[in-house]
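Biologist: Could you take me through how the helices in this model pack together? Please begin with the terms I shall need.

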Amino acid sequence: EQAALSGEDMHLFYRRKSMLLATMKFIGHLFLRKLLVLRVIEYVLQDLGLIGVIQSVDMLPPEHAIECACEILETVGPALDVTIEGKLFVARCLNRLMDL
């Protein structure tokens with residue numbers, strides 16, 4: 001996907017990617033400040049295709065979705081590890097990432 005991009009398009013691609021990752025980090029920090037609940041994080045990861053009803057290995061999420069999922073998990077992971085529900089959620093996400 002990236003190989004066919006010109007210089008200006010490549011710049012735009014990386015700028016959008018950077019903004020997307022910053023948005024994931026922002027969502028994670030909202031969760032850490034208890035402004036969002038775990039259900040919102042679950043919904044975001046479900047929307048990214050990491051967790052949810054369809055978890056077929058044949059249907060891989062796009063690369064940017066995997067990066068976004070890793071960014072949000074890196075941000076909220078330590079806070080989730082203090083509860084049983086959070087540990088189970090993180091384990092489910094990490095198992096899915098290992099399956100990819």
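Modeller: Axes are lines fitted to C-alpha atoms, for helices over the stretch in contact, and angles run from 0 to 180 degrees between N-to-C directions. Please bear in mind that this is a predicted model.

Biologist: At what angle do helix 1 and helix 3 pack, and how far apart are their axes?

Modeller: Helix 1, residues 7-32, packs against helix 3 at an angle of about 25°, and the two axes are 9 Å apart. Helix 1 is therefore roughly parallel to helix 3, since angles under 35 degrees count as roughly parallel.

Biologist: Which residues make that contact?

Modeller: On the helix 1 side they include Leu20, Leu21, Met24, Ile27 and Phe31. On the helix 3 side, Glu67, Cys68, Ile72 and Val76 are among them. The residues of this contact between helix 1 and helix 3 divide into eleven nonpolar, four polar and four charged.

Biologist: Is the crossing of helix 1 and helix 3 left-handed or right-handed?

Modeller: Helix 1 passes helix 3 in a right-handed crossing.

Biologist: What about helix 1 and helix 2: how do they cross?

Modeller: Helix 2 covers residues 38-47, and its axis comes within 10 Å of that of helix 1, at a crossing angle of roughly 160°. Helix 1 is therefore roughly antiparallel to helix 2, because angles over 145 degrees are counted that way. This crossing is left-handed.

Biologist: Which residues meet there?

Modeller: Met24, Ile27 and Phe31 of helix 1 meet Leu38, Ile41 and Val44 of helix 2. The contact of helix 1 with helix 2 has six nonpolar residues, no polar and no charged.

Biologist: Now to helix 3 and helix 4. What is their angle?

Modeller: Helix 3 (residues 63-80) and helix 4 (residues 84-99) pack at about 155°, with axes 11 Å apart. Helix 3 is therefore roughly antiparallel to helix 4. Their crossing is left-handed. Ile66, Cys70, Leu73 and Leu80 of helix 3 take part, and they meet residues of helix 4 including Phe89, Val90 and Leu97. By type, the contact of helix 3 with helix 4 divides into eight nonpolar residues, one polar and one charged.

Biologist: A change of topic: how many aromatic pairs are there?

Modeller: The count comes to one aromatic pair. The ring centres of Phe13 and Tyr14 lie 5.2 Å apart and their planes are at 80°, so the pair is edge-to-face.

Biologist: What are the relative accessibilities of Phe13 and Tyr14?

Modeller: Phe13 has 22% relative accessibility and counts as partly exposed. Tyr14 is partly exposed, with a relative accessible area of 40%.

Note on methods:
Residues are numbered from 1 along each chain as its sequence is written. This is a predicted model: local features need pLDDT of at least 70, side-chain atom pairs count only at pLDDT 80 or more; totals for chains, interfaces and linings use all residues. Side-chain values use heavy atoms; hydrogens and water are left out. Helices (H or I, at least four residues) and strands (E, at least two) are DSSP runs, numbered from the N terminus. Angles under 35 degrees count as roughly parallel, over 145 as roughly antiparallel, 65 to 115 as roughly perpendicular and the rest as oblique. A crossing is left-handed if the near helix is turned anticlockwise from the far one by less than a right angle, and right-handed if clockwise. Contact means heavy atoms within 4.5 Å. Ala, Val, Leu, Ile, Met, Phe, Trp, Tyr, Cys and Pro count as nonpolar, Asp, Glu, Lys and Arg as charged, and the others, Gly among them, as polar. Rings of Phe, Tyr and Trp (its six-membered ring) pair if their centres lie within 6.5 Å; planes under 30 degrees apart count as stacked, over 60 as edge-to-face and the rest as tilted. Buried means under 20% relative accessible area, exposed over 50%, partly exposed in between (1.4 Å probe, protein chains only).
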